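Subject: Handover of a structure and notes on it

Dear colleague,

I am passing on the structure below for your own work. My notes on what was found in it follow directly after.

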Amino acid sequence: MSVLHHVPGSRSLRVLWLLEELAEPVDLRIWSLTDGSLRSPEFRALSPAGRIPALEVDGRVIFESGAIVEYLTETRGRLAPAPGSAERADFLEWLHFAETQANILQSLNIHHIFLRPESARSVPLMRLDTKRLAVTMQALEAHLTGRDWILRDFSAADCMLAFNIDAMFRFVRAEGFPAIAAYRARVQARPAYQRALERAGGDTIYTQEFYELTDG
């Protein structure tokens, strides 16, 4: 059986959700963001940068959520357009757009939540990243208007992108993004997503519904 190395609330949920959609059995190995274990030699042997997720599958270990998603869809032949097909470029484009957005969210997480003391935070950078996040959300809103999923049908690109939605609405108000809000509701109604959330454990990152950007 495959083993997913996972932190509750992290990008590893993308992979767990996709595995549930594919009906692929997987064991979870839970790690912590704060106890130093991700920097241990044991975990670095799985993921050299000490980052979640890592997936033990098919006799090897794969790290980076985008790479894992691409590998699973190619080897299982589901939830992605076939390599070389006309829609494949769209799939890859949005798959990697999800990481562009996630990296902005990571910077906002660091500044709003993890960086201590608060005086170490860069308010200009926080303002810039909030604006950059809003730009990506405007692009996603435009793309989702009039459609149910990222592609014509549900795909692994949705597993990559929809994971970001809860985090993005922690920093940018949901008002003005009705298509994204409706998309989130469709995602939350999927049985595989519900099963993944139940297995994933509670969010260990966010303690507030919304993080105000202040001059503090």
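To begin with the helix pairs, α1 and α3 are roughly parallel to each other, a label given to angles under 35 degrees, whereas angles over 145 count as roughly antiparallel, 65 to 115 as roughly perpendicular and the rest as oblique. The axes of α1 (residues 12–21) and α3 (residues 65–76) come within 9 Å and cross at roughly 15 degrees, where axes are lines fitted to C-alpha atoms, for helices over the stretch in contact, and angles run from 0 to 180 degrees between N-to-C directions. On the side of α1 the contact (heavy atoms within 4.5 Å) is made by Arg14, Val15, Leu18 and Leu19, and on the side of α3 by Ser65, Ile68, Val69, Leu72 and Thr73. By class, this contact of α1 with α3 has 6 nonpolar, 2 polar and 1 charged residues, with Ala, Val, Leu, Ile, Met, Phe, Trp, Tyr, Cys and Pro counted as nonpolar, Asp, Glu, Lys and Arg as charged, and the others, Gly among them, as polar.

Before going further, please note that this is a predicted model, in which local features need pLDDT of at least 70 and side-chain atom pairs count only at pLDDT 80 or more, while totals for chains, interfaces and linings use all residues. Residues are numbered from 1 along each chain as its sequence is written, and side-chain values use heavy atoms, with hydrogens and water left out.

The other pair is formed by α4 (residues 88–114) and α5 (residues 123–144), whose axes come within 10 Å and cross at roughly 150 degrees. That angle makes α4 roughly antiparallel to α5. Among the residues making the contact are Trp94, Phe97 and Gln101 of α4, together with Leu125, Met126 and Asp129 of α5. The residues of this contact of α4 with α5 divide into 11 nonpolar, 7 polar and 2 charged.

For the chain as a whole, the secondary structure comes to 9 helices and 4 strands, where helices (H or I, at least four residues) and strands (E, at least two) are DSSP runs, numbered from the N terminus. From the N terminus on, the order of elements is β-α-β-α-β-β-α-α-α-α-α-α-α. The radius of gyration of the chain is 17 Å, which agrees with the value near 17 Å for a compact globule of 216 residues; this radius is taken over C-alpha atoms, and the globule rule is 2.2 Å times the number of residues to the power 0.38. Taken along the principal axes, the C-alpha atoms fill a box of roughly 50 × 45 × 30 Å. Of the 216 residues, 50% count as buried (under 20% relative accessible area, with exposed over 50% and partly exposed in between, using a 1.4 Å probe and protein chains only).

Some backbone details may deserve a look. The peptide bond from isoleucine 52 to proline 53 is cis, with omega near 5 degrees, and proline 53 is found in the loop between α2 (41–44) and β3 (54–57). A cis peptide bond also runs from arginine 116 to proline 117, with omega near 0 degrees, and proline 117 lies in the loop between α4 and α5.

Aspartate 58, in the loop between β3 and β4 (60–63), has a positive phi of about 55 degrees although it is not a glycine, and at 48% relative accessibility aspartate 58 counts as partly exposed. Leucine 79, found in the loop between α3 and α4, has a phi near 65 degrees, a positive value in a residue other than glycine, and leucine 79 is buried, with a relative accessible area of 17%.
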